[in-house]
Amino acid sequence: MDMHDLWFGAFLSPEAEGRERLLRHVTLADRLGLDLVGVQDHPYQAGFLDTWTLLSVIAARTERIRLVPDVVNLPLRPPAVLARAAASLDLLSGGRVELGLGAGAFWDAIAAMGGRRLSPGESIEALAEAVTVLRALWTPGDPVVFEGNHHRLAGAAPGPFPAHPIGIWIGAIKRRMLELTGRMGDGWLPSSFYSPPGAVARQAKVLDAAAEDAGRDPACIRRIYNVGGTFSPLPGRGFLDGPAALWAEQLTELVFEVGMTGFVLAPGEDAERDLRTFAEEVAPAVREAVAKERGEPEPVAERPVTLTPLDDLDETGRPHAPKQDPAALTPEQLRLGRHLVQVHDGYRQELRQVQDAVEQVAAGHADTGALRSAINRLSVRQNHWTLGTFCATFNRLLTVHHTIEDESMFPAVLERDSTLAPVVKKLEQEHEVIAELLDRLDAACVALLADQAAIEQVRAEVDRLVRVLSSHFAYEEEELVEPIARLGIRI
């Protein structure tokens with residue numbers, strides 16, 4: 001099934017409280033060259049932004065990325081109005097909208113919002129009628145008359161007409177929904193959270209059979225898989241749990257065995273790191289592997305914007321130490337190694353809090369004193385140590401957070417594996433760079449106390465610090481997780 005180009009995207013949660021962070025992630029996804037952004041639609045969630053309003057803002061803030069409600073809650077979105085909304089956004093965004101549809105779920109919440117409570121059979125019938133309504137209103141012609149059991153049109157004029165043929169992608173898990181997708185859908189939107197690889201392979205067979213019974217080529221149905229996982233230097237036991245190379249291998253397998261033509265990542269706690277790894281390492285590797293297997297020219301990734309390299313860190317000059325095959329490690333050793341990632345995740349969470357504090361100050365909802373206090377409380381600042389990993393300079397004063405075990409761990413690593421010496425030296429250099437960035441951020445906050453216009457400089461310094469730390473943490477994990485595990489070192 002190779003009718004479609006491979007697409008890669010980001011699946012983002014529309015939480016109202018995290019809206020500034022969400023928009024940063026959207027902008028990053030667009031700059032990284034990802035193909036689409038999916039936003040779930042749960043209108044009954046009081047803590048969520050309205051999906052269509054959010055997609056409109058996303059369209060205005062991005063240049064090329066496709067916009068997909070993933071998936072629309074149809075019982076609360078009348079299809080005739082939805083047709084106008086989707087076509088309007090497609091026109092305004094330059095043809096960047098695809099439409100994910102769901103039959104409905106969480107019926108108590110839907111009923112609380114005034115929606116009709118439907119049985120499973122009724123909801124599938126209503127979805128099929130909605131697809132008919134949508135396509136009729138996107139097709140030039142006479143006023144449309146449609147008489148269904150759930151949706152009706154009594155002479156509705158078609159239009160506006162979308163800038164491109166909007167794909168209708170259906171979120172389907174069970175047999176009747178899969179059969180409907182095979183008969184009527186332009187695309188299929190399963191999720192690994194509900195349909196892991198084994199299940200999604202079985203579901204694909206049901207969809208294929210339904211398409212063939214309807215006289216359709218199953219390959220014409222685009223298959224986009226919402227996925228989540230964990231990036232880690234060492235492989236875990238689950239799906240998408242390990243290094244980027246493992247992700248690429250597992251996703252490539254789904255392309256050939258299930259016919260998947262796209263993958264949309266729900267990032268974890270460190271969303272920026274996950275999106276970068278997905279866009280810069282996983283997606284190119286999958287595209288290259290698929291092109292090679294098919295005998296096609298290797299794809300050239302589109303990068304509409306070149307991201308500023310992290311010259312301060314000299315990423316190209318980073319040494320790498322030899323590593324043991326992770327398959328030889330015991331579960332207990334793997335657990336020890338993964339603890340380093342957990343430590344870093346704590347710092348990543350603090351950085352997100354600082355980013356949110358900057359946006360609160362910019363919006364006038366918080367004062368600059370509170371922002372500077374948050375920055376000064378950062379563990380990565382208090383632990384001038386090595387930002388939560390190994391003690392690289394023994395004459396530094398360690399804070400009360402460090403234990404005797406912490407203080408002795410680093411020399412123990414070098415004593416057991418001297419090949420890590422070049423890596424340690426490079427990490428020491430990067431720690432000094434990060435310390436300077438923290439000082440620059442503090443100076444920007446001092447300037448902000450006197451001039452509110454300095455908020456843009458503060459934002460720029462925070463963004464750079466986050467990028468540098470994300471890169472540094474990733475390098476540290478790549479080089480030191482395996483030795484920690486192999487040498488049985490506890491942190």
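Predicted model: local features only at pLDDT ≥ 70, side-chain atom pairs only at ≥ 80, totals over all residues.
The largest cavity has a volume of about 60 Å³. With a threshold of 30 Å³ or more, the count comes to two cavities.

Which residues line the largest cavity? They are Asp270, Glu272, Arg348, Leu351, Arg352, Gln355, Val466, Ser470 and Phe473. Sorted by class, this lining has four charged, three nonpolar and two polar residues. Two helices, helix 10 (331-362) and helix 15 (455-487), each contribute at least two residues to the lining. The largest share, four residues, comes from helix 10.

The chain has 15 helices and 13 strands. Of its 491 residues, 53% count as buried. Among contacts with a separation of 6 or more, 73% are between residues 24 or more positions apart.

In soluble globular proteins, nonpolar side chains tend to be buried together. Here the largest nonpolar core has 80 residues, and the members that touch the most others are Leu101, Phe263 and Phe278. Helix 5 (residues 120-137) gives the most to this core, with eight residues. Apart from this core lies another, of 23 residues, including Tyr347, Ile434, Val462 and Val466.

What does Leu101 touch, leaving aside residues up to four places away in sequence? Its contacts are Val71, Val72, Leu74, Leu82, Leu127, Val131, Leu134, Ile168, Trp169, Ile170 and Gly171.

The peptide bond from Asp70 to Val71 is cis, with omega near 0°. Val71 lies in the loop between strand 3 (66-69) and strand 4 (72-73). A cis peptide bond also runs from Gly159 to Pro160, with omega near -10°. Pro160 sits in the loop between strand 7 (152-156) and strand 8 (168-170).

Positive phi values come next. Phe106 is not a glycine, yet its phi is positive, about 55°. This residue is in the loop between strand 5 (99-102) and helix 4 (107-112). Leu240, also a residue other than glycine, has a positive phi near 50°. Its loop connects strand 11 (230-231) and strand 12 (241-242).

Are these two residues buried or exposed? Exposed means over 50% relative accessible area, so Phe106, at 51%, counts as exposed. Buried means under 20%, so Leu240, at 0%, counts as buried.

I close with helix 7 (residues 197-213). At 1.5 Å a residue, its 17 residues should span 24 Å, and the end C-alpha atoms are 25 Å apart, which agrees. The buried residues of helix 7 are Ala199, Val200, Gln203, Ala204, Val206, Leu207, Asp208, Ala210 and Ala211. These buried residues pack against two helices, helix 6 (175-184) and helix 8 (244-258). They also pack against strand 9 (187-188) and strand 10 (222-227). After helix 7 comes Gly215, with a positive phi near 80°.

Notes:
Residues numbered from 1 in each chain as written. Heavy atoms only, no water. 1 Å grid on protein atoms, 1.4 Å probe; cavity = no way out; pocket = protein on both sides within 12 Å on 5 of 7 lines; lining within 4 Å. Points joined across faces, edges and corners; volume = space filled by probe spheres on them. Nonpolar A, V, L, I, M, F, W, Y, C, P; charged D, E, K, R; others polar. Core = buried A, V, L, I, M, F, W, Y, C linked by side-chain atoms within 4.5 Å. Buried < 20%, exposed > 50% of the residue type's maximum accessible area, 1.4 Å probe, protein only. Contact = heavy atoms within 4.5 Å. Expected span 1.5 Å × (residues − 1).
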